[in-house]
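Here is a short report on one protein chain. Look at the structure first, then read on.

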Amino acid sequence: SSAASDVYKRQVRTNGECCDKDFLVVGYGKLGGIELGYGSDLDLVFIHDGDPNEATDGTKPIAGQMFFNRLGQRIIHVLTTTTVSGELYEVDMRLRPSGNSGLLVTSLAAFIQYQNKDAWTWEHQAIVRARAVAGDVDLAKKFVMQRNQLLALERDQQLLRAEVKSMRQKMADNLLPAGAEKGKTPFFHLKQGSGGIVDIEFMVQYTVLAWAHKHPSLTIYSDNIRILEIMEECQLLDSESVQGLMDAYKAYRSIAHRLSLQQKPTEISADKFVYERSVVRKVWNQFFDESS
């Protein structure tokens, strides 16, 4: 907003020189993965690269950290504006370091330290879909470089595999109705159901975290479709499987958009997408079934 831009200009260094904006908005989830749909919320993380001890030059100077926090609050206020059609966007900040207990705006150094020392595997999975969406260009470049380096760390593949699989099971246990995972309900949940959207996303995220140290091109994009294409180029998955996952993913998302427009839950009859689900399950077993 213009108001935010004006606030930007008021921060100066203690010696009187103008300070760079040093503020970045990072999109995660559907925003980061370039997959916003009808009714999607905005998963955001705010990062700064300024000196938290430097003050603004207004009539009531404030410290840098407070300045960045207020800027973040202002951005959230603008994005959640109530219109005649309802709230503009729902903003979710829970993916920032330490979640809701963490600072609203984190320094780049603190963000990287947290990711390297304290973050859980699922938080690294989330970074696969993270991208800079607005803010200082130089800071965006720094973030991309740090993101790619983090994703390209060599990991214990057996441990990674177990943690990704465990997190997927926890999601199914908590977000699906009883019996749904075993096909004992008349509905298929497009996102959380076995063979659905999340299974595809988890396979993509696992591949990036497991193999980016040998195939850096896996870190270039944040959207699932292009990462799947690179998985094929790197010969990490055969072309038939890649095409099957891409077709299923696009089909699921298309139906999910229609249901969202109709304000209906993302559930369809269990007799739909039987082939697509079997394809996704087959590839899932190649990744995560110890007996396969």
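A polar contact is a pair of N or O atoms within 3.5 Å; within protein, one atom must be able to donate a hydrogen and the other to accept it, and residues adjacent in sequence count only if both atoms are side-chain atoms. The side chains of Arg129 and Glu201 make such a contact, at 3.1 Å.

This is a predicted model: local features need pLDDT of at least 70, side-chain atom pairs count only at pLDDT 80 or more, and totals for chains, interfaces and linings use all residues. Residues are numbered from 1 along each chain as its sequence is written, and side-chain values use heavy atoms, with hydrogens and water left out.

**The whole chain**

The protein chain has 11 helices and nine strands. Helices (H or I, at least four residues) and strands (E, at least two) are DSSP runs, numbered from the N terminus. Of the 292 residues, 45% are buried. Buried means under 20% relative accessible area, exposed means over 50%, and partly exposed is in between (1.4 Å probe, protein chains only). A contact means heavy atoms within 4.5 Å. Among contacts with a separation of 6 or more, 68% join residues 24 or more positions apart.

Where is Arg129? It sits in the loop between H5 and strand S7 (131-135). Arg129 counts as buried because its relative accessible area is 8%. Its side chain also makes a polar contact with the side chain of Glu35, at 2.5 Å. Leaving out residues up to four places away in sequence, Arg129 touches a list of residues including Gly27, Tyr28, Gln205, Ser222, Asn224 and Tyr249.

**Strand S1**

Strand S1 covers residues 23-28, and six of its six residues are buried. Phe23, Val25 and Gly27 lie on one side, with Leu24, Val26 and Tyr28 on the other. Both faces are covered. Two strands pair if DSSP finds at least two bridges between them.

| S2 (residues 42-48) | antiparallel | six bridges | Val45 |

**Helices H5 and H7**

Two packed helices are described by the angle between their axes and the distance between the axes. Axes are lines fitted to C-alpha atoms, for helices over the stretch in contact, and angles run from 0 to 180 degrees between N-to-C directions. The axes of H5 (residues 121-128) and H7 (residues 157-175) come within 10 Å and cross at roughly 85°. H5 and H7 are therefore roughly perpendicular (65 to 115 degrees) to each other. Which residues in H5 meet H7? They are Thr121, Trp122 and Gln125, and they meet Leu160, Glu163, Val164 and Met167 in H7. The residues of this contact divide into four nonpolar, two polar and one charged.

**Loop residues**

Ile34 lies in the loop between helix H2 (29-32) and S2. Its phi is near 55°, a positive value in a residue other than glycine. Ile34 counts as partly exposed because its relative accessibility is 49%. Phe273 also has a positive phi, of about 55°, although it is not a glycine. Phe273 is in the loop between strand S9 (267-269) and helix H11 (274-288).

Is Glu54 buried or exposed? At 8% relative accessibility, Glu54 counts as buried. Glu54 lies in the loop between S2 and helix H3 (64-79). Glu54 and Phe67 are 13 residues apart in sequence and 9.6 Å apart in space, C-alpha to C-alpha.

Technical notes
Angles under 35 degrees count as roughly parallel, over 145 as roughly antiparallel, 65 to 115 as roughly perpendicular and the rest as oblique. Ala, Val, Leu, Ile, Met, Phe, Trp, Tyr, Cys and Pro count as nonpolar, Asp, Glu, Lys and Arg as charged, and the others, Gly among them, as polar.
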